[in-house]
Amino acid sequence: MSNASANASKKTDEVAIQLNGVHKWYGQFHVLKNINLNVQRGERIVICGPSGSGKSTLIRCINRLEEHQQGDIIVDNIELTGNLKNIDAIRREVGMCFQHFNLFPHLSVLENCTLAPIWVRKMPKKEAEEIAMHYLERVKIPDQAGKFPGQLSGGQQQRVAIARSLCMNPRIMLFDEPTSALDPEMIAEVLDTMIELAETGMTMLCVTHEMGFARKVADRVIFMDGGEIIEQNEPEEFFNNPQSERTQKFLSQIL
Ligand code: ADP
Ligand code: MG
């Protein structure tokens, strides 16, 4: 992690994501409890919290991989309801990277990146390949384009996954513990890619326990526990002066 200028906030006044009084249950289990959250365009948010606190569920609700039962979620002025047109429109705006890269093992790196642009966006193959190469260069692995995912290191595979998302030209990127399945020596290369993405002004919501990344890049750190947002603050305040006992306990365990 090198570039200190990532600290410069790209946050604007425009609201990119809005959650108002969001609740979700898995059967009887109340997994999200009254989540209220506004994300500004260009803002970088890090979400942390103990395992099982609802972090993945929260970000998966934002592109409707999970359905919320109460409250409103509005992304880029589009309300997320059962309306399939809206879901489709939101998914066009929102890219996502998971802990396990979910690349297609039987497709080359380049084909992984061009699949959705060609089949979902109806982009001509040549154009899709040019765009894919552009993003593979951005994540610094253009030389791996012809290989299959299984031939790449974990860090390289995660960078392919990021490039693949960027090929769909999202306005918002969601990350769910993108480095937690990686060996330590691979973590920095993926975080560097995310830092560079932050510098472009991308709106980012990242579930991660990489607190160095949070300090460097985040405009705001959110702590979740038991399905609730317990505390949120800019990184300096969040780390140096956590208010809630639960946040203090969590930080003492991971820092
Ligand atoms: P986190 O990402 O913070 O670890 P999750 O959002 O994955 O938390 O999960 C929150 C809680 O919801 C956990 O107790 C988990 O067991 C439960 N949970 C997650 N997914 C499901 C599901 N599909 N069905 C039932 N319970 C689930
Ligand atoms: Mg999770």
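Residues count from 1 along each chain as its sequence is written, and chains are lettered from A, with ligands numbered from 1, in the order written. In this predicted model, local features need pLDDT of at least 70 and side-chain atom pairs pLDDT 80 or more, while totals for chains, interfaces and linings use all residues; side-chain values use heavy atoms, without hydrogens or water.

Strand β4 (residues 70-75) pairs antiparallel with β1 (residues 15-26) over five bridges; strands are DSSP E runs of at least two residues and helices H or I runs of at least four, numbered from the N terminus, and pairing takes at least two DSSP bridges. Within β4, Ile 74 sits opposite Gln 18 and also has Glu 79 of β5 as a bridge partner. Two residues separate β4 and β5 in a hairpin, where Asp 76 in the turn has a positive phi of about 50°.

Asn 112 belongs to helix α3 (residues 109-119). At 2% relative accessibility, Asn 112 is buried (under 20% relative accessible area, with a 1.4 Å probe and protein chains only; exposed is over 50%, partly exposed in between). Its side chain reaches the backbone nitrogen of Phe 104 at 2.8 Å. Beyond neighbours within four places in sequence, Asn 112 has contacts (heavy atoms within 4.5 Å) that include Leu 107, Pro 149 and Arg 164.

Terms used:
Polar contact = N/O pair within 3.5 Å; in protein donor to acceptor, adjacent residues only side chain to side chain.
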